[in-house]
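Please look through the sequence and the structure shown below before reading on.

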Amino acid sequence: MSEGTAAEPIRNAALLCRAGVRAGARFPLCPERTRIGRAPDNDAVIDGPDAGTVSLYHCEILRSAEGFRVRDCNSTNGTWLDGERITDAPLGPDAVLRLGQQGPEFALVLNEAAPEPLDRTIEIGTLEVPAAAVAAAPSGSDTHEEMLSAAVDQARRMRARGLAGQTMTIMRDVLEQALRQTRRRHRIVAWALLGALVSVSGAGAWRILAMDRDKRAIDAHLRELEAELQKVHQASEREQLLSRLNGYQEQAEMIQHSLLYRIGPHPEGDFVTSELRAVMQEFGAETYSLPPDFVERVHYYIDQDCGPERPKVARALADEASRLKTIRRILEQARMPADLAYIPIVESALAEDAESGAGAVGPWQMTAPTARAYGLRVDGETDERKDLVKSTGASCRYLKDLILDFGAGSSVMLALAAYNSGAAKVKQAVSRTVLDPIQQRNFWYLYRTRALPAETREYVPKVFAAILIGRNPRHFGF
């Protein structure tokens with residue numbers, strides 16, 4: 001910019017998704033404030049596989065005469081700018097904005113073309129076909145290929161921006177260009193181009209409908225198998241059902257991960273199940289079919305926490321909010337899942353003086369032998385299990401050792417189970433299963449086969465109920 005020239009005014013701006021399944025997608029920024037998160041009433045809705053670390057209302061971008069600022073909305077996994085966690089900071093075009101430490105990544109793009117209103121049919125601008133291509137192709141064939149390629153690219157860009165249903169508008173524009181740029185004897189080629197586009201569009205829509213139908217049929221089979229698994233007791237019959245269930249899950253995942261399926265619109269599940277899937281993704285415990293009895297127990301404990309246990313939970317989330325932040329910070333520094341911070345709510349409601357009948361003490365309810373093994377002083381004069389920072393550090397090291405001990409599979413889930421019942425009992429459950437090292441270390445296999453102690457089968461859903469409420473307090477009325 002030459003000296004004395006005024007800076008170009010910021011007319012329009014957008015967030016450009018830099019990575020993930022929606023790489024290249026743009027979210028236009030609103031004139032004053034743009035809310036970003038998973039909830040459907042946000043201005044920029046983040047969904048699908050990229051949403052694992054994104055809160056319902058994650059952050060907002062504020063626009064003023066001075067420029068842009070990004071402000072965190074008390075998100076669970078934090079808003080990160082150039083690798084630093086922020087609460088409120090300036091946002092420039094060279095900055096890298098990330099939702100969660102490992103979440104989706106965005107860059108600010110300035111002076112974008114004006115965003116189209118979403119309450120009317122969008123008129124697609126004239127497709128750019130290189131003049132050289134027109135001159136070099138008097139027959140029109142190469143030019144039509146250029147136009148077809150441009151139309152396909154433009155349709156993809158529109159879908160990436162979340163503007164579906166514009167295929168016919170794009171096709172109309174292509175046809176008009178073809179008619180303008182070809183002579184009468186070549187118009188048949190233009191109509192053929194339109195026919196090809198209609199055919200491709202129709203075939204794609206038919207294929208998406210077919211995949212939806214196949215997936216619904218697979219989901220019905222999975223529900224039947226899950227119901228049968230809760231009734232059988234013989235190991236051989238149970239193994240057969242589990243084998244069939246795994247086969248159906250693999251088929252469903254293949255459909256779900258296909259590009260064409262992801263393009264089409266699909267109804268979302270209920271809020272709790274969707275949130276469970278998001279947390280499981282972060283914990284490395286993804287499974288296509290969550291056991292219905294597990295989901296039912298999570299619902300039950302959410303009802304308890306929002307009902308009879310509400311005062312305890314409300315106090316932990318509000319009055320003890322600073323203590324929760326301290327726990328999360330220690331977990332994050334140790335590169336542990338920050339949502340494990342909700343374990344002490346289940347264990348003790350964050351009470352330092354809490355003591356169980358078995359002699360467990362403090363917010364994390366550690367026994368004296370375990371506490372001493374992880375460096376805490378427990379004697380007649382001092383009990384460091386009551387010290388929030390020291391006990392959190394010790395519990396963090398203990399959980400990390402449990403995760404490393406169980407190794408493969410859904411190790412965070414197994415570590416949760418072992419935190420409740422002890423590593424020895426979980427290992428006994430593992431040893432009683434079939435001699436399959438992969439299945440033995442899969443939490444969902446152990447859960448479905450009822451190999452885990454009954455108390456532990458209740459404890460894990462109870463922790464997940466606290467996690468879901470802690471991640472979404474406003475949704476649950478806290």
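A residue is called buried when its relative accessible area is under 20%, exposed when it is over 50%, and partly exposed in between, with a 1.4 Å probe and protein chains only. Helices (H or I, at least four residues) and strands (E, at least two) are DSSP runs, numbered from the N terminus. This is a predicted model, in which local features need pLDDT of at least 70 and side-chain atom pairs count only at pLDDT 80 or more, while totals for chains, interfaces and linings use all residues. Residues are numbered from 1 along each chain as its sequence is written, and side-chain values use heavy atoms, with hydrogens and water left out.

Helix α15, which covers residues 423-431, has Ala423, Val426, Ala429 and Val430 as its buried residues. Seen down the axis of α15, these buried residues fall within an arc of 125°, so they line one face of the helix; the arc is that of the directions from the helix axis to the C-beta atoms. Ala424 and Ser431 are exposed on the other side of α15. An α-helix has 3.6 residues a turn, so residues three or four places apart point the same way.

Another helix, α5 (residues 235-257), holds Gln256, which is partly exposed with a relative accessible area of 31%. Although Gln256 and Asp212 are 44 residues apart in sequence, they are 9.3 Å apart in space, C-alpha to C-alpha.

The strands can be followed next, where two strands pair if DSSP finds at least two bridges between them. An open sheet of five strands, with mixed pairing, has the order β4-β3-β5-β6-β9. β4 and β9 (88-91) stand at the edges with a single partner strand each, so one side of each is left without a neighbour in the sheet. Strand β3 (residues 33-37) runs parallel to β4 (residues 44-45), to which two bridges join it, and Gly37 stands opposite Val45 in β4. Between β3 and β5 (residues 59-64), which run antiparallel, there are four bridges, and Arg35 has Glu60 in β5 as its bridge partner. β5 and β6 (residues 67-72) are also antiparallel and are joined by six bridges, with Arg63 standing opposite Phe68 in β6.

On a 1 Å grid over the protein atoms alone, a cavity is a set of points where a 1.4 Å probe fits but cannot get out, and a pocket is an open set with protein on both sides within 12 Å along at least five of seven lines, while lining residues have an atom within 4 Å of a point. The largest cavity has a volume of about 50 Å³, and its lining includes Glu226, Pro292 and Arg448. Helices α4 (187-229), α8 (292-306) and α17 (443-448) each supply at least two residues of that lining.

The second largest pocket holds about 860 Å³ of space. Of the 30 residues that line this pocket, Asn74, Ser75, Thr76, Lys325 and Gly470 are the closest to its centre. The elements giving two or more residues to its lining are β8 (84-86), α9 (310-317), α10 (321-333) and α18 (454-471), and α10 gives the most, with six residues.

Technical notes
Points joined across faces, edges and corners; volume = space filled by probe spheres on them.
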